[in-house]
Amino acid sequence: MNIPARPPRNWMLLAGVTGLLVAMTVWSAYGIGFSLTEILCNIAGGTRLITESWPPDFGFLPRLAEPMLETVFIAIIGTVVGGILAIPVAVLAARNITPNRLTWFADRNFMNILRTLPDLFWAMLFATAVGFGPVAGALALTVFTVAVISKLWSESLESIDMGLPETIRAVGGTWFQMIQFGAIPQALQHYVSYALYAFELNIRASVVLGLVSAGGIGMILETQRANFEYERVTMIILAVLVAVLIIEEISESIRKRLT
Amino acid sequence: MSNVPSHADLLKRPGNRIGFGTITTFVIAGLFFVSLYAIGFTPERMLEVPSGVARVLSFFWPADMAYGWDRVLPAIVESIQIAWIGTIIAAILSLPLALFGARTLFPRLARGVKLISATARAFPEILLAIYFVPIVGLGAFAGALAIGISSVGMLTKLGAEVVDSLDFGTVEAVEAAGGSRIQALRWAVLPAVLPEIIAHWLFRFELNIRASAVLGVVGAGGVGGVLLNTLRYRHFDKAAAVLILTILVVLAIDTISGEIRRKIIRG
């Protein structure tokens, strides 16, 4: 029986890549102080923490309603404003419909820079600029939403069928009419599903905004954490978990109905 | 002549009725204004925003780059290390879970695995870090564990989807030739799915860089704590150094990692 020979392996490349990965891992483990002895030494403290944080303090639940609503409000504002602002950003960043290379280049870089900073960094910046509280959180999530939606949607816009937009231009439509009637309707479904996705992300993000004093349920979380009231921390986290799962379920069912 | 549409009629858009879209728009607008009112985002406050932002931005310049090289860069390196160890932990844990979570391979196990991964995904990593910090002590190690655990959920889900979309001809071939299920996994499934799974790992690494950057807020190491402190003590020139260096490093890593991902997927 003729068995074909195994294709030769590139041992040099394999060894190089493996070596690089191992070196990177060892260097990182050393850098962050990865040590099993530390885990073992702290295990007593860890078990104490776990016993302290259970059972959750259900008496605390009524006080969570208001900050929880605030979290949802922040997420709604961030999604609506960010969703609207993301439209021009995405259109100009789509290579096939952008008016010229310069706007495309500038907008693409703007989008990439927006995307590099994590949501909490924006929250810290806005908390410093406009003062602590939910307004800072809503502004931070606005920027974050623009970053998320414009990146995803510009890719959908790039994959639309160019026949209709070209026809509109050919019969004398302006660039705006081409975008409005030729490009956006084709990618509208994607826009709606990305907006819902951004809303889910925003709910998650607005939970932790309070850690940097930008409003929402995280503010309570931060004070209870600082006072080592871990029974209450557990209660807050459980409430957050349930709320996030419910909102994801709703948004998932809306998305299914739309597509 | 009356049934021939006039020019004005042609310009009218079809379907100007109150439909689903109109109602949705009004509901969203209503929710939006209720939210604005509830958090006290009045028009006066809106007018203050641009000047507030401009004022803080004006303090940012010139950035204190000496501080940047001395203090910020080591913190960013620590963030990268946290993200790397977190991704390695998640990759090791999620690979077997992804195989067991594939509906096509293990129909009964898959359901349980999906449940675990959905729960893991619902936790933002920073909440996990709140628990890990007292358990393993303040610092980067707690952050790496938090990132690792919270990445497992997403990587398991994506990995299981990759396996699910696999063509099962080769698996059947291995089994028909007398191979066991494990051998089929090793020789038929793994080689086919690994490139895409590795690409997902790299993508998660990019996300983890951003996640680890904020963990410093709860004392779990990395650059986030530095930014919080500089802003808290109003050292805006130092905060500017943090932002500039973070943007540059994250852009660089995104570009490199994206390039590698494209190479891997193309094969």
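A:Leu241 belongs to helix 11 of chain A, where helices (H or I, at least four residues) and strands (E, at least two) are DSSP runs, numbered from the N terminus. The model is predicted: local features need pLDDT of at least 70, side-chain atom pairs count only at pLDDT 80 or more, and totals for chains, interfaces and linings use all residues. Residues are numbered from 1 along each chain as its sequence is written, while chains are lettered from A and ligands numbered from 1 in the order in which they are written.

A:Leu241 is partly exposed because 16 other C-beta atoms lie within 10 Å. The C-alpha atom of A:Leu241 is 9.2 Å from that of A:Arg204, although 37 residues separate the two along the chain.

Chain A as a whole contains 11 helices and zero strands. Its C-alpha trace spans about 75 × 70 × 40 Å along the principal axes. The radius of gyration, taken over C-alpha atoms, can be set beside a globule rule of 2.2 Å times the number of residues to the power 0.38. For chain A the radius is 25 Å, whereas a compact globule of 259 residues would have one near 18 Å. Of these 259 residues, 40% are buried. Two residues are in contact if their C-beta atoms, placed from the backbone, lie within 7 Å. Of the contacts in chain A between residues at least 6 apart in sequence, 73% join residues at least 24 apart.

Chain B likewise consists of 11 helices and zero strands. Buried residues form 41% of chain B. An automatic or database domain assignment divides chain B into domain 1 (7-58) and domain 2 (62-266). The centres of these two domains, taken over C-alpha atoms, are 36 Å apart.

The two chains also touch each other. Chain A and chain B each give 47 residues to the contact. On the side of chain A, the elements that supply two or more residues include helix 1 (11-31), helix 3 (65-93) and helix 11 (230-258). The residues of this side comprise 32 nonpolar, 11 polar and four charged. Here Ala, Val, Leu, Ile, Met, Phe, Trp, Tyr, Cys and Pro count as nonpolar, Asp, Glu, Lys and Arg as charged, and the others, Gly among them, as polar.

Definitions and conventions:
Buried ≥ 20, exposed ≤ 12 C-beta atoms within 10 Å, placed from the backbone.
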